[in-house]
Amino acid sequence: MLTIIADSNIAHLHDYFNEEILKHPINVIEMAGRDITPEALEQHQPDALLIRSVTPVDAKLLDKNQSVKFVGSATIGTDHVNEGYVSLRGIRFANAAGCSKHSVAQYVLSAILQLRPDYWSANEDKPVKVGIIGLGNIGSTLARYALDLGWEVLGYDPFQSASIINNASLDQVLTESDVISLHVPLTMLGHSELPTYHMIDAAALAKIPQQTLLINTARGPVVSEADLLAELDKSPQRQVVLDVFEHEPQVPAQLLKKLAIATPHIAGYTLEGKLRGTQIIFDTFVRSYGEKGADILTIKEQDLMADLLPDNPYHWQDLKQAPEKLVEFYDIKADDSLLREALDESASAVEGQAFDALRKNYALRREWLFER
Ligand SMILES: NC(=O)C1=CN([C@@H]2O[C@H](COP(=O)(O)OP(=O)(O)OC[C@H]3O[C@@H](n4cnc5c(N)ncnc54)[C@H](O)[C@@H]3O)[C@@H](O)[C@H]2O)C=CC1
Ligand SMILES: O=C(O)C(=O)[C@H](O)COP(=O)(O)O
């Protein structure tokens, strides 16, 4: 019997992790991601953990546990996992790289076009410069959409080779862009030669022109909340879009009220994005156990997504021809309103439970298809 503890927010968990598919006895114990604690591991002695971004995986969680041999995070970001520690423990770790790259890129486009609809008709006479910091799966996908719209991309990624999109210094992106979008992992001093923690601080904000739209869908701490608040107090006309917050799941009222668009960490929350996340960790789970002992799991990776995804009538090329359909397809301001309605004035904040509830109950969007 394989025992799995899984975050209840993992999409279609039982469609993938069931005995019929795995052809092996399993016991899947679902719980809220924040409830996956050392005590839960002590009680259940799981062989595997299937998590999302709210479960820290580190020595505190695993030091007293000897049963866990696989950790799968159905997310792109891995800053909630101490990968060095997990590797030292001989535990196989997998994230879902790229799973929601189109979802997040489309979220960013929706925010830009909601706030600046004239950008639909950008051209060489009226160019739009989109600054992208971080040109991995999401940043490079956003660049594809931007170039397809005739926008100019100013990209900065010191760990990628120079290219038609990786073509600027950080200063150029900060000082010359009409829009700046952050697509970096959260990395700390000591873990990266160019840590992204507080990358956008008072000094960076001072370089960004007043009229530049700043969008953070990466991780909250990439932007210093205190410095952003001070800047917004000084320059209330600045437009800032946050989907992630430095002190998530709490969101301070004074920040929320100054943002052009604010959403509860749902940029990646499409049916396709979350399903891909489950598929990818399922594939790695099967490979991991298959390698360790074919008798445990005899199946090969199976692409179950096709059977689980309803038809998707939304195509990017159609959307481009009918910009007014963008709001019908995704009304980002509706998500903004939901977060503002969750504001607890007495606490001067959106409280953690309310933020988590918005995410748990979020009606997953659909991704539009980039190619036919
Ligand atoms: N808001 C949301 O719902 C979601 C947020 N995310 C966040 O977005 C981040 C980026 O996602 P992906 O593009 O898929 O990751 P990725 O790993 O494919 O790309 C990240 C890129 O950032 C670059 N980078 C690292 N440090 C940098 C620095 N100091 N300056 C400039 N570039 C730097 C890397 O070289 C890499 O190319 C994730 O790490 C995650 O934290 C991801 C999915 C959903
Ligand atoms: O994949 C990532 O990285 C994300 O930021 C996800 O959107 C996080 O979603 P949860 O794991 O917090 O549900």
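Ala, Val, Leu, Ile, Met, Phe, Trp, Tyr, Cys and Pro count here as nonpolar, Asp, Glu, Lys and Arg as charged, and the others, Gly among them, as polar. The model is predicted, and local features need pLDDT of at least 70, side-chain atom pairs count only at pLDDT 80 or more, and totals for chains, interfaces and linings use all residues. Residues are numbered from 1 along each chain as its sequence is written, chains are lettered from A and ligands numbered from 1 in the order in which they are written, and side-chain values use heavy atoms, with hydrogens and water left out.

The structure holds 1 cavity of 30 Å³ or more. On a 1 Å grid over the protein atoms alone, a cavity is a set of points where a 1.4 Å probe fits but cannot get out, whereas a pocket is an open set with protein on both sides within 12 Å along at least five of seven lines; lining residues have an atom within 4 Å of a point. Grid points are joined across faces, edges and corners, and a volume is the space filled by probe spheres set on the points. The largest cavity has a volume of about 50 Å³, and its lining comprises 6 nonpolar, 3 polar and 2 charged residues. Among the lining residues are Asn216, Val223, Glu225, Phe245 and Leu255.

The second largest pocket has a volume of about 170 Å³. It is lined by 13 residues, of which Glu272, Arg276, Glu367, Trp368 and Leu369 are the closest to its centre. By class, this lining divides into 6 nonpolar, 2 polar and 5 charged residues.

Ligand 1 comes next. Around ligand 1 there are 28 residues, and Asn137, Asp157, Gln160, Leu194 and Thr217 come nearest; a residue is near a molecule if one of its heavy atoms lies within 4 Å of it. The shell has 14 nonpolar, 11 polar and 3 charged residues. Several polar contacts (pairs of N or O atoms within 3.5 Å) can be described. A polar side-chain atom of Asp157 lies 2.6 Å from an oxygen atom of ligand 1, while a backbone N or O atom of Gly136 lies 3.4 Å from an oxygen atom of the ligand. For Thr217, a backbone N or O atom is 2.9 Å from a nitrogen atom of ligand 1. On its own ligand 1 has 860 Å² of accessible area, and the protein covers 88% of it; such areas come from the Shrake-Rupley method with a 1.4 Å probe.

Ligand 2 is surrounded by residues that include Arg52, Ser53, Thr75, His265, Tyr269 and Arg359. By class, this shell has 2 nonpolar, 4 polar and 3 charged residues. Oxygen atoms of ligand 2 lie 2.8 Å from a side-chain N or O atom of Arg52, 2.7 Å from a polar side-chain atom of His265 and 2.8 Å from a polar side-chain atom of Arg359. Taken alone, ligand 2 exposes 360 Å², of which the protein buries 92%.

The UniProt record, an unreviewed entry, lists Ser53, Thr75 and Tyr269 under "binding site". These residues are spread over 217 residues of sequence, yet they cluster in space, with a largest C-alpha distance of 12.8 Å. UniProt positions are given in the numbering used here, feature names are shortened, and annotations may be inferred rather than shown by experiment. Ser53 lies in the loop between strand 3 (48–51) and helix 4 (59–62), where helices (H or I, at least four residues) and strands (E, at least two) are DSSP runs numbered from the N terminus.

How values were computed. A polar contact is a pair of N or O atoms within 3.5 Å; within protein, one must be able to donate a hydrogen and the other to accept it, and residues adjacent in sequence count only if both atoms are side-chain atoms.
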